[in-house]
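Here are my notes on this one, jotted down while paging through the structure. I start with a quick question and then go point by point.

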Amino acid sequence: MDEGPGPFTGDLSPPGRLAGPGEGISPEELALAARNHGLPLEALRHDVTPLGLHYVLVHYDIPYVPDARVARWQLTVHGRVRRPLALDLAALRSFPAVTLRVTMECAGNGRALLAPRPVSQPWLVEAVGTAEWTGVPLRLLIAEAGVEPDAVEVVFSGADHGVERGVEQDYRRSLPLDVATGDDPEVLVAYRMNGGPLPPQHGDPLRLVVPGWYGMAHVKWLREIRLTGTPFTGFQQATAYRYRQEPGDPGRPVTRMAPRALMIPPGCPDFMSRIRFVRPGRVLLEGRAWSGWPPVTRVEVTTDDCRSWRDAELTPPDRSGAHPWAWQRWQSTWTATPGNHVLAARATDAAGRVQPLTQPWNRGGFGNNRIQRILVHCGPGQLG
Ligand SMILES: Nc1nc2c(c(=O)[nH]1)N[C@H]1C(S)=C(S)[C@@H](COP(=O)(O)O)O[C@H]1N2
Ligand SMILES: [Mo]
């Protein structure tokens, strides 16, 4: 009889691995996916993603932070500083506040579409969202603490704790000192999301926001900021989040987001296959595009599976100048004819990076910005 999860037969904290040929998503990956959701692509219509529709990724458990604990929450700033700080929320609110509209994407977005497929959170293309974050510029906190001359990095610790590939840890990431103290992008210690308190899953009561960088840098439930005189070699920095081809490679660190355009799937979906149904005639194709090297300068659309491309109309950088770190809207029209069609869009950014048609593969499945393909069936008259 099948009684659900069995006894301890497997590895308690399995090492990273690639799925075998034809190996489907495992129950473990499904369990991760069920607690870490993506953005329903129709929500790309919103300039700012409504709460609850923004993607969520949590490595371990969401810490339980009741109001009484929020009131006592302390953010410490210490290490290679002249004056260590311990700041509660009231103290943080006494610093000048900045609000930034920021598009955030998980570095693992696109992972489940890779072949071979790295076994981890099995994102398709929906691990993205845009929020308005309000908080203190990190450079002001670091200036208040005073930097010792030998400081090179800033390490951020979250309040969540777990085990990953055999290593017990708090979630921790670092930034080079020049990034942490820069003003373009301005790194924030955020205490508001879309005008309200941070929801539990997004880092209540404090999180880091690093505009232009993949999600792993935006440490949630932030409780400690430590300046260090040597580069940080913790798990999430030196083991995870590196572009590597072979297990032993030192690899390159994952930093900013590669350019990506997503299309709102047109028409209506089949419940199970998710194939889109449209009627013949004019169909609006629209979506969003972003890059960690903004702005996006061009979005092209194909309706014949990459045989031909045409330019979409893109919200130009000058009109989106108010929100340089947020996605840009694009649109195009298509005259649908009866039959099956494969639609896609691709973005080019200001640094000249173009979304690839073939997969950019690495062992961790990071930064896969290969174009999204949408299958559309155009049928005349009554559908189904
Ligand atoms: N403390 C902590 N911060 C974290 C994480 C985490 O597991 N713990 N996950 C990171 C990853 S991998 C991503 S993609 C983003 C997701 O942020 P969101 O859930 O608010 O969208 O948070 C980052 N910050
Ligand atoms: Mo992520």
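Which open sheet has mixed pairing and six strands, and in what order do they come?

1. The answer is the sheet that reads β14-β15-β22-β21-β17-β18; it is open, and its pairing is mixed. At its edges you'll find β14 (268-269) and β18 (310-311), each of which pairs on one side only. Keep in mind throughout that this is a predicted model.

2. Within that sheet, have a look at β15 (residues 276-278) and β22 (residues 374-378): the two run parallel and are joined by three bridges. If you want a residue pair to click on, valine 278 sits opposite cysteine 378 of β22.

3. There is also an open sheet of five strands, again with mixed pairing, in the order β2-β1-β10-β5-β6. Its edges are β2 (85-87) and β6 (167-176); each has a single partner strand, so one side of each has no neighbour in the sheet. Going from one strand to the next, the twist averages 25°.

4. Threonine 76 has glutamate 224 in β10 as its bridge partner.

5. How is the chain divided into domains? Domain 1 covers 27-253 and domain 2 covers 260-378. Their C-alpha centres are 27 Å apart. The contact between them draws on 29 residues from domain 1 and 24 residues from domain 2.

6. On the domain 1 side of that contact, the elements giving two or more residues are β3 (98-105) and β11 (242-243). The largest share, four residues, is from β3. Sorted by class, this side of domain 1 has 16 nonpolar, seven polar and six charged residues.

7. Now for ligand 1, which has 20 residues around it. The closest are His59, Cys106, Gly158, Tyr171 and Gly215. What classes make up the shell around ligand 1? It divides into ten nonpolar, eight polar and two charged residues.

8. On annotation: an unreviewed UniProt entry lists residues 65-235 as "domain: Oxidoreductase molybdopterin-binding". In the model, that stretch (65-235) is 14% helix and 39% strand, and its end C-alpha atoms are 25 Å apart.

9. Two cis peptide bonds deserve a line in your notes. One joins alanine 115 and proline 116, with omega about -5°; proline 116 belongs to the loop between β3 and β4 (128-137). Another runs from aspartate 204 to proline 205, with omega near 5°, and proline 205 is in the loop between β8 (196-197) and β9 (207-209).

10. You'll find tyrosine 241 in the loop that lies between α6 (235-239) and β11. As for β11 itself, this is one of the elements noted above on the side of domain 1 that touches domain 2.

Terms used: Residues numbered from 1 in each chain as written. Chains lettered and ligands numbered in written order. Predicted model: local features only at pLDDT ≥ 70, side-chain atom pairs only at ≥ 80, totals over all residues. Pairing = 2+ DSSP bridges. Axes fitted to C-alpha atoms, helices over the stretch in contact; angles between N-to-C directions. Near = placed C-beta within 6 Å. Nonpolar A, V, L, I, M, F, W, Y, C, P; charged D, E, K, R; others polar. Domains from an automatic or database assignment. Contact = placed C-beta atoms within 7 Å. UniProt positions renumbered as here; feature names shortened; annotations may be inferred.
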